[in-house]
Amino acid sequence: MILTEQTIKKLINEGKIKINPFDESLVGPVSIDLHLDQTALNPDKNEEISLRDFALIGEHFILANTKEFVELPGNLVARVVPRSSLARLGVLATFDADILPPNFAGKPLLTLKNLSNKPVLLKPGLPVAQI
């Protein structure tokens with residue numbers, strides 16, 4: 001079952017789904033937007049990198065959390081779906097773990113890979129996915 005905007009807002013208002021920070025304007029018809037946090041991990045170099053004006057170059061990938069902390073109840077799962085605006089730039093997001101299980105509590109981890117030949121500028125707060 002896919003939750004509607006009204007149901008999502010109701011569950012958030014009742015405290016059954018928790019999103020922090022939460023902005024009601026980020027709730028769409030069937031989703032909630034998620035944004036990049038401040039830093040990411042470059043697994044090839046095993047180093048933390050700042051996402052402030054970070055250029056993700058072709059064929060490279062990073063691991064990045066969302067800035068939103070998400071808590072789900074025991075009777076819901078959430079699917080992490082990349083934003084189409086990012087996909088149109090050639091960036092593949094969340095190709096490994098795209099399901100948040102019941103009772104999930106944390107910042108969803110995104111795998112971001114640039115499939116294009118052009119660098120893509122990433123920055124904190126960039127909308128990258130939806131649940």
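**View 1. Glu 5, Lys 9 and Glu 24 join in a network of salt bridges.** The model is predicted: local features need pLDDT of at least 70, side-chain atom pairs count only at pLDDT 80 or more, and totals for chains, interfaces and linings use all residues. Residues are numbered from 1 along each chain as its sequence is written, and side-chain values use heavy atoms, with hydrogens and water left out. A salt bridge here is a side-chain nitrogen of Lys or Arg within 4 Å of a carboxyl oxygen of Asp or Glu. Side chains of opposite charge can pair when their charged atoms come close. Lys 9 and Glu 24 meet at 3.5 Å, N to O. This pair links distant parts of the chain, 15 residues apart. Lys 9 sits in helix H1, while Glu 24 sits in the loop between S1 and strand S2 (33–42). Helices (H or I, at least four residues) and strands (E, at least two) are DSSP runs, numbered from the N terminus. Lys 9 is partly exposed, at 22% relative accessible area. Glu 24 is also partly exposed, at 45%. The cut-offs are under 20% for buried, over 50% for exposed, and in between for partly exposed (1.4 Å probe, protein chains only).

**View 2. Glu 14 forms a salt bridge with Lys 10.** The N to O distance is 3.2 Å. Glu 14 is partly exposed, with 40% relative accessibility. The whole structure holds 7 salt bridges.

**View 3. Asp 33 and Arg 83 form a salt bridge.** Their closest N and O atoms are 2.9 Å apart. Asp 33 lies in strand S2, and Arg 83 in the loop between strand S8 (81–82) and helix H2 (84–87), so the pair ties together parts 50 residues apart in sequence. Asp 33 is buried, at 15% relative accessibility. Arg 83 is partly exposed, at 22%.

**View 4. Gly 15 lies in the loop between helix H1 (5–13) and strand S1 (18–20).** Its relative accessibility is 32%, which counts as partly exposed. From Met 1, Gly 15 is 14 residues away in sequence and 20 Å away in space, C-alpha to C-alpha.

**View 5. Three strands make an open sheet in the order S1-S6-S11.** The pairing is antiparallel. Two strands pair if DSSP finds at least two bridges between them. S1 and strand S11 (105–106) stand at the edges, each with a single partner strand, so one side of each has no neighbour in the sheet. Strand S6 (residues 69–71) pairs with S11 over 2 bridges. Val 70 has Gly 106 in S11 as its bridge partner.
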